[in-house]
Amino acid sequence: MDRKKFLVTASLAAFSISACANVKVDGESSKAEEPEGEGEGKLVGQCATTNDILGPFYRENAPDRSDLTFDGLTGSIVQVKGRVLAEDCISPVKDALIEIWHCDTEGDYDNDTDQYLHRGVQTTSKTGEYSFKTILPGKYLNGRLYRPAHIHFRITSPTSKELVSQIYFMGDPHITEDPWASQDKAADRIRPVILEDVKGNLVVNFDVYTTASEE
Ligand SMILES: [Fe+2]
């Protein structure tokens with residue numbers, strides 16, 4: 001297909017999708033008419049990110065860094081990024097501390113080295129954004145079952161309650177039997193791993209919706 005024909009076809013396809021998406025069924029607005037963004041359009045408090053277990057491998061004093069990769073690292077590099085948002089589901093939370101930790105591809109956590117491997121904390125920008133360059137973690141046994149691959153999160157800020165949570169990855173066969181990932185409340189935290197560009201770079205998007213502190 002030549003470029004001109006491709007562009008015309010693509011335009012028609014886009015129009016077709018747009019037209020279909022605006023059809024109303026039984027008086028209900030289609031999803032396409034909702035504001036963009038997962039939290040926008042929801043009532044205050046309705047978008048709050050659900051919590052998950054801290055787990056036994058949390059370490060305090062993780063280094064302030066956005067790049068968790070290092071020489072000799074094995075695994076699929078991925079950018080884990082998103083925004084930290086307030087209880088109104090829209091306003092960014094700046095200067096929030098967002099911390100992640102996860103195991104390596106063998107399922108092991110760094111529990112004792114000075115390198116704090118696969119651990120990092122950073123402060124959100126004025127638009128609430130954060131971004132970590134790391135790897136997709138492996139899996140470890142919890143009893144007789146593997147826990148699905150996951151990344152732990154801890155978010156604190158002066159204006160919101162502490163949130164401890166985890167994300168999982170869409171298509172992981174170990175999610176259904178995991179006591180935590182299989183809960184309904186974890187559904188929004190099972191994230192797709194996206195091929196972001198023509199170079200095959202991987203991205204996982206995860207926006208964090210906080211709950212206002214009571215003070
Ligand atoms: Fe874990």
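Analyst: This is a predicted model.

User: Why is Y116 called partly exposed?

Analyst: Y116 has 18 C-beta neighbours inside 10 Å. Buried would need 20 or more, and exposed would need 12 or fewer. The value of 18 lies between these cut-offs, so Y116 counts as partly exposed.

User: Which residues is Y116 in contact with, leaving aside its neighbours within four places in sequence?

Analyst: Those residues are R59, A62, P63 and D110. The cut-off is 7 Å between C-beta atoms.

User: What makes the phi of Y116 worth a remark?

Analyst: Phi of Y116 is near 50°, a positive value, and the residue is not a glycine. H118 is another such case, with a positive phi of about 60° in a residue that is not a glycine. H118 is also found in the loop between β2 and β3.

User: Is H118 buried or exposed, and how do you know?

Analyst: Within 10 Å of H118 there are 26 other C-beta atoms. The cut-off for buried is 20 or more, so H118 is buried.

User: What makes you say that β2 is largely enclosed?

Analyst: Four of the five residues of β2 are buried, so the strand is largely enclosed by the rest of the structure. On one side, β2 (residues 97–101) is joined to β3 by five bridges, and the two run antiparallel. Within that pairing, I100 has G120 as its bridge partner, and W101 stands opposite R119. Strand β7 (residues 151–157) is also antiparallel to β2, again with five bridges. Here the bridge partner of I100 is F153.

User: Why are β3 and β9 called edge strands?

Analyst: The open sheet has five strands in the order β3-β2-β7-β8-β9, with mixed pairing. β3 (119–123) and β9 (190–191) each have a single partner strand, so one side of each is left without a neighbour in the sheet.

User: How do you know that β1 and β11 pair, and in which sense?

Analyst: Two strands count as paired with at least two bridges. β1 (residues 77–85) and β11 have four bridges, in the parallel sense, so they qualify. In this pairing V80 stands opposite V204.

User: What joins β10 to β11?

Analyst: Strand β10 (residues 194–195) runs antiparallel to β11, and two bridges join them. Two is the number required, so this too counts as a pair. L195 has L202 in β11 as its bridge partner. The two strands form a hairpin with six residues between them, and G200 in the turn has a positive phi of about 85°.

User: Why is V204 called buried?

Analyst: V204 lies in β11, which covers residues 202–205. With 21 C-beta neighbours inside 10 Å, V204 reaches the cut-off of 20 and so counts as buried. Beyond four places in sequence, V204 is in contact with V78, V80, R191 and V193. I167 is 37 residues from V204 in sequence, and their C-alpha atoms are 9.7 Å apart.

User: Which residues touch the most other members of the largest nonpolar core?

Analyst: That core has 32 residues, and V84, L85, I98, I155 and Y168 touch the most other members. β1, β2, β4 (129–135), β7, β8 (160–169) and β12 (208–209) each supply at least two residues of this core. Contacts of V84 beyond four places in sequence include I98, Y130, I155 and V208.

User: How many helices and strands does the chain have, and what share of its residues is buried?

Analyst: The chain has one helix and 12 strands. Of its 215 residues, 27% count as buried.

User: What does pLDDT say about residues 1–37?

Analyst: The chain averages a pLDDT of 85, and 79% of the residues score at least 70. Over residues 1–37, however, pLDDT stays under 50, and the model has 13 contacts there beyond four places in sequence. Where pLDDT is low, the predicted coordinates should not be read in detail.

Key: Residues numbered from 1 in each chain as written. Predicted model: local features only at pLDDT ≥ 70, side-chain atom pairs only at ≥ 80, totals over all residues. Contact = placed C-beta atoms within 7 Å. Core = buried A, V, L, I, M, F, W, Y, C linked by C-beta atoms within 7 Å. pLDDT = per-residue confidence, 0-100.
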